[in-house]
Amino acid sequence: MSSAFQTPESRSQIDDPSSLVARFGADEPLALDAGTPLGPWQIAYQTYGTLNADRSNAVLICHALTGDQHVANVSPITGKPGWWTTMVGPGRPVDTDRFFVICTNVIGGCMGTTGPASTDPRTGQPYALDFPVITIRDMVRAQAALIDRLGIESLFCVIGGSMGGMQVLQWAASYPERVFAALPIAAAARHSAQNIAFHEVGRQAVMADPDWRGGRYLIEGTKPTKGLAVARMGAHITYLSEMALHRKFGRNYQDRSAPTFSFDADFQIESYLRYQGLSFVERFDANSYLYVTRAMDYFDLAAEHEGSLARAFKGSATRFCVISFTSDWLFPTSDSRAIVHALNAAAASVGFVEIDSDKGHDAFLLDEPEMFAAARGFIDAAARVRGIA
């Protein structure tokens, strides 16, 4: 079997990652919405801080589409700091001096949790497209199995942005008795037609790359880097805002004072997007991109409850804080308001904060003092009620 997967460091993270791993045998299969039980399987995760004596201070961080479990530690692939060190760490809103923080790699991912790049025990080769299609609910089921394995009866708080926020909402709907507080950020209770369309363009870019080989590129020793890079470039535009693009790049030329009258990267924004695409393919698996985007597309929490989003939260004792950003056009504030209205209809405890920002959807990953203040206030108030010092 060929081991051609991005870099050697990336390949090594798939089956034996540089993190904690919970392994479940064939006798402990993961039930999937597609109807195919998955087993054996594993879930990779990181922890920070210390679990208190009564196991009441556990916080689950859920990552977005291209994130991983390395939320607050150096990435073993890129060597860069964790993807949310502004939010998670000593003295941060999610204070690792107070809370026991858990972050997993999702099912379908490529950083140690079982996904299409993982070795299929039946064949000894990567699953590729033989891996079953997964959903957000499947991701949450896998996380719940890990929480069980860790001996934690209920989570103090579940937090995430974008696809991570979808997981937060799914946790609150599927396991309301196990979630004391929930903090979904820049998220929605269902994926919009526009967002499904953007994802489909990205998937088609991957599958149109001749090196994709019908999903068998790992087995055949190729890499669909061009297709995956284009998919990432297109998606990255949706994470920004027109204001952010203008402020950062405008129409400025890249290392030149006049156009070249060619198809080179004349503009700074072109160079930036090409860099984003090329750096992405070094750390992410193309088939994982297909699977995880599909999971987001299928997400529709109301559909799971007879078309009523309020019914998804009926009787919930979970405390919610919903956060959105004014310039986020991928998951606009109207999506967050729909969640809040449903929670109000279900008589749930909910607070809502819309943050004025020109940074677009990615604002939740950036330096946004208002978001940090809102998150800290919500978490601290919930901790007082929970009795966490």
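Predicted model: local features only at pLDDT ≥ 70, side-chain atom pairs only at ≥ 80, totals over all residues.

Q: What radius of gyration does the chain have, and what would a compact globule have?
A: The radius of gyration is taken over C-alpha atoms, and the globule rule is 2.2 Å times the number of residues to the power 0.38. For 389 residues that rule gives a value near 21 Å, and the chain agrees with it at 21 Å. The C-alpha trace spans about 65 × 50 × 40 Å along its principal axes.

Q: What share of the residues is buried?
A: A residue is called buried under 20% relative accessible area, exposed over 50%, and partly exposed in between, with a 1.4 Å probe and protein chains only. In the chain, 55% of the 389 residues are buried.

Q: Which residues does UniProt list for "binding site", and where are they?
A: UniProt positions are given in the numbering used here, feature names are shortened, and annotations may be inferred rather than shown by experiment. The unreviewed UniProt entry lists Arg232 and Asp362 under that heading. They span 131 residues in sequence, yet no two of their C-alpha atoms are more than 14.0 Å apart, so they gather at one spot. Arg232 sits in helix α6 (residues 225-239), whereas Asp362 is in the loop between β10 (349-355) and α12 (369-386).

Q: Are these two residues buried or exposed, and what do they touch?
A: Arg232 is buried, at 9% relative accessible area, and Asp362 is buried as well, at 15%. Contact means heavy atoms within 4.5 Å. Not counting residues up to four places away in sequence, Arg232 touches several residues, among them Thr66, Tyr239 and Phe280, and with its neighbours within four places left aside, Asp362 is in contact with His236 and Tyr239.

Q: Where does the backbone take a cis bond or a positive phi?
A: Most residues other than glycine have a negative phi, and most peptide bonds are trans. Here the bond from Gly39 to Pro40 is cis, with omega near -5°, and Pro40 lies in the loop between β1 (20-24) and β2 (41-48). Asp255 has a positive phi of about 55°; Asp255 belongs to the loop between α7 (242-248) and α8 (268-281) and is exposed, at 73% relative accessible area. Ala347 has a positive phi near 60°, is found in the loop between α11 and β10, and counts as exposed at 67%.

Q: Which helix gives the most to the lining of the second largest pocket?
A: Rolling a probe the size of a water molecule over the atoms shows where empty space is left. For the second largest pocket, α11 gives the most to the lining, with 3 residues.

Note on methods
Residues numbered from 1 in each chain as written. Heavy atoms only, no water. Helix = DSSP H or I, 4+ residues; strand = E, 2+ residues; numbered from the N terminus.
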